[in-house]
Amino acid sequence: MINEAIDGGRAFDWGRVSGEYAKYRDIYPELFYEKIVGRGLCTEGQKVLDLGTGTGVLPRNMYRFGAEWVGTDISVNQIEQAERLSAEQNMDIRYQAVAAEDVDFPPHFFDVITACQCFWYFDHERLVPKLSSILKENGSLLLLYMAWLPFEDAIAGASEELALKYNPDWTGAGEWKHRIEVPDCVYDRFEEVYHEEYTMELPFTRETWHGRMKACRGIGASLAQKELEQWESEHKKMLSEMPENFFIKHYAAMLELKPKARKTVKVTAAIIRNQNRIFATQRGYGEFKDGWEFPGGKVEPGETSKTALIREIKEELDTEIAVGEKIMCVEYDYPAFHLSMDCFWAKVVSGNLTLKEHEDARWLSKEELDDVAWLPADLDLIERIKKMWQ
C-alpha cells in the first residue's frame with residue numbers, strides 16, 4: 001500500500017508482519033472494550049462490521065458480548081491469521097479479504113461499523129457514502145485509536161527514536177493525547193454524538209514490546225530486510241538494559257458518529273406503453289447523468305402522484321398522457337437521500353414525446369430491457385415489469 005500522505009509515500013504491507021501482528025498487537029486492555037460496551041455498542045442482537053480488521057483483534061475480543069461480526073481487511077495474510085485465531089477459539093466470525101472501499105452489503109444492514117487504527121488509510125470520498133448506505137438509520141460508526149505516548153514514557157520514546165533512525169519519514173511517531181479527527185467529508189454524511197480520550201499503563205516484557213514495535217507500520221511493514229535486521233539488533237540491545245517487565249504509557253480515544261437524517265424524496269414515474277414496447281429515457285444532467293430511467297419527477301405539495309406525473313410528462317416531453325394502474329412503489333436508499341417512487345402504467349393521449357431535458361430515449365421490448373444501464377432505483381421495477389409483461 002502506498003499513500004503519499006503517510007510515511008512520505010513509502011510503501012507498507014501489513015502482510016509482512018501478520019505473524020507478529022497476531023502475537024503482539026492483541027494488547028487492548030479490558031477497559032478499552034468496556035468503554036465500547038458502555039456505549040451500548042457491539043452487543044447481543046447487533047450486526048457489526050469491522051473495517052481493516054487485521055487479525056480480527058476487535059471481533060475476537062468482543063465476541064463474548066454477543067454481536068454478530070464481519071471483519072474485512074485488504075491483506076489476505078491478515079485475514080488468514082484472523083480466520084485461524086477465530087477457529088482456534090471456536091468463534092463464528094465471517095471474514096473477507098477486500099478493500100474497505102469495495103465492501104458489498106445491502107442497505108441498512110449493520111447496527112455498528114467499527115474501524116480501529118486503520119480509518120486514515122482509506123479513500124474517504126469513496127468509503128463514506130457507502131458506510132452511510134449500509135449502516136442502519138440509527139446505527140453507529142465507531143472509530144477507535146490507541147497509541148503509546150513517547151513524550152511521557154522513556155522506553156516508548158527511546159524505541160520511537162530508534163525507529164525514526166531507520167524510517168525518518170514515519171508519520172506514526174510523536175503521538176500525544178488528543179481527540180480523533182476525521183476528514184470533512186465524514187461530516188457530510190455523519191454527525192458526532194460522543195467522544196472520549198483517556199490514558200492507561202499497559203504491561204510489557206522485553207519480548208512483547210519488541211514484537212509490538214516490530215509489528216508497527218514504520219518498522220516491520222515497511223523496512224527492507226537488511227534494515228529490519230539492523231533495527232532488531234539495536235532494539236534488542238537497547239531493551240537488554242531495561243527491566244524484564246515494565247509498563248508503557250498509552251492513550252486511547254473513541255469517536256462515535258451517527259448518520260445524518262436522510263431526507264425522503266417523493267417522485268412518480270410513467271411506464272409508457274405502445275403495443276409491445278415501453279418508453280425509457282436517459283438522464284442528461286446531474287449526479288446520475290447517462291443512467292436510464294422512466295420519465296417522471298417530484299411530487300409537489302398539494303399534488304397526488306398521478307397529477308404530478310401528468311404535469312411532469314407535459315413539462316419534460318411536451319406530451320399528454322393517461323395514467324393507468326399503479327405497478328409498485330419503489331423504496332430505495334441512495335447515499336444522500338431516500339427515494340420513494342410511485343410507478344404507473346401510462347399511454348400517450350397527444351404529443352410526440354419530445355425530449356426537452358433528457359439526453360436520449362428508446363422504445364424497448366421485453367427482450368431489450370437489459371440492454372441499457374438502469375439507475376439503481378429502477379432495477380426492482382424492471383424485474384416486476386418483466387413478470388407482469390404478457
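Predicted model: local features only at pLDDT ≥ 70, side-chain atom pairs only at ≥ 80, totals over all residues.
**Ground rules.** I number residues from 1 along each chain as its sequence is written, and my side-chain values use heavy atoms, with hydrogens and water left out.

**Sheet.** I looked up the strand order and found seven strands in an open, mixed sheet: β3-β2-β1-β4-β5-β7-β6. Strands (E, at least two residues) and helices (H or I, at least four) are DSSP runs numbered from the N terminus; two strands pair if DSSP finds at least two bridges between them. β3 (94–97) and β6 (190–205) each have a single partner strand, so one side of each lacks a neighbour in the sheet.

β2 (residues 68–73) and β3 run parallel and are joined by four bridges. Asp73 is opposite Ala97 of β3.

**Helix α8.** I find α8 (residues 206–214) lying across β5 (135–148), β6 and β7 (245–259), at about 140° to β6. Axes are lines fitted to C-alpha atoms, for helices over the stretch in contact, with angles from 0 to 180 degrees between N-to-C directions.

**Leu149.** I placed Leu149 in the loop between β5 and α6 (154–166). Its relative accessibility is 1%, so I count Leu149 as buried (under 20% relative accessible area; exposed is over 50%, partly exposed in between; 1.4 Å probe, protein chains only). Beyond neighbours within four places in sequence, the contacts of Leu149 include Ala156, Trp176, Thr199 and His250, contact being heavy atoms within 4.5 Å.
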